[in-house]
Amino acid sequence: MKIVVIGGTGLIGSQVVGILRDQGHEALAASPSSGVDSTTGEGLDDALAGAHVVVDVTNPPVFTPDGVMAFFTASGRHLAVAEVAAGVRHHVALSIIGLDRVGDEAFYLKAKVAQEQQIRASGVPFTIVRATQFFEFLKGIADSATVGDEIRLTSKTLQPLAAAEVAAYVAEVAVGEPVDGVVEIAGPERIPLADAVRRRLAALGDPRKVVDDDTAPYFGSVIGDDTLVPGNEPHRSAKITFADWLASQ
């Protein structure tokens, strides 16, 4: 199949492209660097010509409430139009477990909600893959919460996983049939966020102090133990533990 991966040069997208090519598919890594910009529509028609599947693993280049919302809504609008015109049979999008359980102050997750709504309304058969937080982003979480040499983070639990397992699952979903709904993948164990970041920084030799503070927001929203973990629906359980991932780094 021809499978176009929007955001195909990023952390997840590059791995998805590699997996699909190894399986013998024609996988196109589409990004602004290759002349394809989903936020403006530039290059989409040519990239999607003859495509069976489109995988959207894009991320905004800016991290402000207005910028993130504008990115996902503009990208979703242009992708829907181009996919309908090209006769795409399956749209796969990477999203976030628990995004509908946070307040409006969690602007990134609210923008992902808007993206999901556009996908459902597009008329293109789809599968939304919701994942928990990636191990690879723990240092970024620390950086975003740093004041001086101190990091205040909630001790509420996440269920993080390795990006490689997310990419493998997205690739698996892409070659399957659309479910016109949501599938989920989560890490094998719950870990308090503050503890996970503390262990990651220790492995990096980073001297910053992590302070447990359950009033500290997680990207704008105060979370509970059940906010960003799978609910009662079945989900794919990843295999790589945090300890094993740390050791591999």
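A crossover counts as right-handed if, with the strands pointing away from the viewer, the path from the first strand over the helix to the second runs clockwise. Helices (H or I, at least four residues) and strands (E, at least two) are DSSP runs, numbered from the N terminus. By that rule, β4, α4 and β5 form a right-handed β-α-β unit.

The model is predicted: local features need pLDDT of at least 70, side-chain atom pairs count only at pLDDT 80 or more, and totals for chains, interfaces and linings use all residues. Residues are numbered from 1 along each chain as its sequence is written, and side-chain values use heavy atoms, with hydrogens and water left out.

**Sheet**

The strand order β2-β1-β3-β4-β5-β9-β12 describes an open sheet of 7 strands with parallel pairing; two strands pair if DSSP finds at least two bridges between them. Its edge strands, β2 (26-30) and β12 (236-237), each pair on one side only.

| Strand pair | Bridges | Direction |
|---|---|---|
| β1 (residues 2-6) and β3 (residues 53-56) | 4 bridges | parallel |
| β3 and β4 (residues 90-96) | 4 bridges | parallel |
| β4 and β5 (126-131) | 6 bridges | parallel |

Individual partners can be named in each pairing. Asp56 in β3 stands opposite Ile6, Val54 has His91 of β4 as its bridge partner, and the chain passes from β3 through helix α3 (residues 65-86) to β4 in a right-handed β-α-β crossover. Ile96 has Ala131 in β5 as its bridge partner.

Burial is defined by relative accessible area: buried means under 20%, exposed over 50%, and partly exposed in between (1.4 Å probe, protein chains only). β3 is covered on both faces, with Val53 and Val55 buried on one side and Val54 and Asp56 buried on the other. In β4, 7 of its 7 residues are buried. His90, Val92, Leu94 and Ile96 line up on one side of β4, and His91, Ala93 and Ser95 on the other.

**Helices against the sheet**

Contact means heavy atoms within 4.5 Å. Axes are lines fitted to C-alpha atoms, for helices over the stretch in contact, and angles run from 0 to 180 degrees between N-to-C directions. Helix α4 (residues 107-121) lies across β3, β4, β5 and β9 (181-186), at about 160 degrees to β4. Helix α6 (residues 163-174) lies across β3, β4, β5, β9 and β12, at about 155 degrees to β4.

**Helix pairs**

Angles under 35 degrees count as roughly parallel, over 145 as roughly antiparallel, 65 to 115 as roughly perpendicular, and the rest as oblique. A crossing is left-handed if the near helix is turned anticlockwise from the far one by less than a right angle, and right-handed if clockwise.

The axes of α3 and α4 come within 9 Å and cross at roughly 15 degrees, so the two helices are roughly parallel to each other. Their crossing is right-handed. Residues of α3 including Val68, Phe72 and Gly76 meet residues of α4 including Tyr108, Ala111 and Gln115.

Helix α1 (residues 11-22) packs on α6 at an angle of about 50 degrees, with the axes 8 Å apart, which makes α1 oblique to α6. This crossing is right-handed. Among the contacting residues are Leu11, Ile12 and Val16 of α1, and Ala163, Val166 and Val170 of α6.
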